[in-house]
Every structure is written in structure tokens, then in C-alpha cells.
Amino acid sequence: MRLASIVLPLAIAACGSGEGTEITLNVNDPDAGFNASAGKDGTVSVNAPGFKGAIKLPKIQLDADDFDINGVHLPPGSKIGGINVEGNKGDDDMVRISFTSPIAPSAVREWFQGKLAAKGFKLTAAGDGLSGTTDEGKPFRLITKAAGAGAESVITLES
């Protein structure tokens, strides 16, 4: 899976002392299963055929500039709470990104609707969220809700 090879180096490069971003990578294959995670507290663990271990590193905090979809970053001021990558044998891969933004849910939706549509995404507004397909025709979904003065959102990409 193409995104998995980007997420782990990104996580290691973004080590810091912020709140912490949780990152998980799971490859569900009966012959070569693998999972790795970087917890909000900085604990990095790996469970792969022939190797299992965990180490403590500085916390990782990813923000708007550390992640993009086809060149579109998260809204300015956003903080990523979690990235979950699920790889399955075949074409059932999924990436889920949860984040908070200092802007209202409708502004988060508008941010992505305009910018991703310009990149070839076919999107339909559903309340404050979006659903549709990526430029490659794969399912895309944004769910966003109010959280204090801003928004909590989840983007799901499937392949």
C-alpha cells in the first residue's frame, strides 16, 4: 500500500513534545501479517513475522502541514489525533485520519470541497460532511462535528 510507506517515516520525522498523535499500521494477511503503532505517549511497537518489540520515543504530534491528500493539507491550525492504516490482501485497504480544527465544521467541509474538487474528487455535501470518490474513483468520506469553537473530523479513504 502506497500510503503506508509514507506514514511511518513521517511519524518518525515528526517526533516532538506535543500532545501526541496515535499512528497504527495493520497489514491483515494470513501469510505475512504485520502491525506497528506509535502511541500518543511515544511508545512505538512492532509485531511482524519473526520480530516483536516496543521502544519508547519522544511523543509525535502531527499537524496540518504534516499530511496532505493529493497536495491538499488539512485546514490551518489542525492537529492530527490519529492515523490508522489498514492493509488487507486484495483491494480492501483503508486509511482513517482523525483531526481537530479551530474552524467550524461547515468551514472544514468547504475547505476540502473546493480544494479536492479541483484535484478531481467527485464530492457531495452531506450536512457538514462530504462523501464521494477520489480522483482514482475510490471512496472518500469526511465526517465533521462541532467541538468547542472548532471541529472534530474524520477522513476515510478506501482503495
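Two strands are taken as paired if DSSP finds at least two bridges between them. Helices (H or I, at least four residues) and strands (E, at least two) are DSSP runs, numbered from the N terminus. The model is predicted: local features need pLDDT of at least 70, side-chain atom pairs count only at pLDDT 80 or more, and totals for chains, interfaces and linings use all residues. Residues are numbered from 1 along each chain as its sequence is written, and side-chain values use heavy atoms, with hydrogens and water left out.

Strand S1 (residues 22–28) pairs with S8 in the parallel sense, over seven bridges. Within this pairing, Val27 stands opposite Gly87 of S8. S1 also runs antiparallel to S2, joined by five bridges. Here Leu25 faces Ala36 in S2. S1 and S2 form a hairpin, with five residues between them.

A further antiparallel pair consists of strand S10 (residues 122–126) and strand S11 (residues 129–133), again described by five bridges. Lys122 stands opposite Thr133 in S11. The hairpin of S10 and S11 has two residues between the strands, and Gly127 there takes a positive phi near 65°.

Asn70 also has a positive phi, of about 50°, although it is not a glycine. Most residues other than glycine have a negative phi. Asn70 is found in the loop between strand S6 (68–69) and strand S7 (72–73). Accessibility was classed by relative area: buried is under 20%, exposed over 50%, and partly exposed in between (1.4 Å probe, protein chains only). Asn70 is partly exposed, at 33%.

Salt bridges were assigned where a side-chain nitrogen of Lys or Arg lies within 4 Å of a carboxyl oxygen of Asp or Glu. The count by this rule is four. One of them joins the side chains of Lys56 and Asp41 (3.7 Å, N to O). This pair links distant parts of the chain, 15 residues apart: Lys56 lies in strand S4 (residues 51–56), and Asp41 in the loop between strand S2 (34–38) and strand S3 (43–48). Lys56 is exposed at 55% relative accessibility, whereas Asp41 is partly exposed at 40%.

Asp128 forms a salt bridge with Arg109, with the closest N and O atoms 4.0 Å apart. Asp128 lies in the loop between S10 and S11 and Arg109 in helix H2 (residues 105–117), so the pair ties together parts 19 residues apart in sequence. Asp128 is partly exposed at 31%, but Arg109 is buried at 15%. Arg109, Glu110 and Asp128 are linked in a network of salt bridges.

The side chains of Lys145 and Glu152 also meet in a salt bridge (4.0 Å, N to O). Lys145 is exposed at 51%, while Glu152 is partly exposed at 37%.

A pocket is an open set of points on a 1 Å grid over the protein atoms alone, where a 1.4 Å probe fits, with protein on both sides within 12 Å along at least five of seven lines; lining residues have an atom within 4 Å of a point. The second largest pocket is lined by 16 residues, with Gly81, Ser98, Phe99, Thr100 and Glu152 nearest its centre. Strand S8 (79–88), strand S9 (94–101), strand S12 (139–147) and strand S13 (150–158) are the elements that each give two or more residues to this lining.
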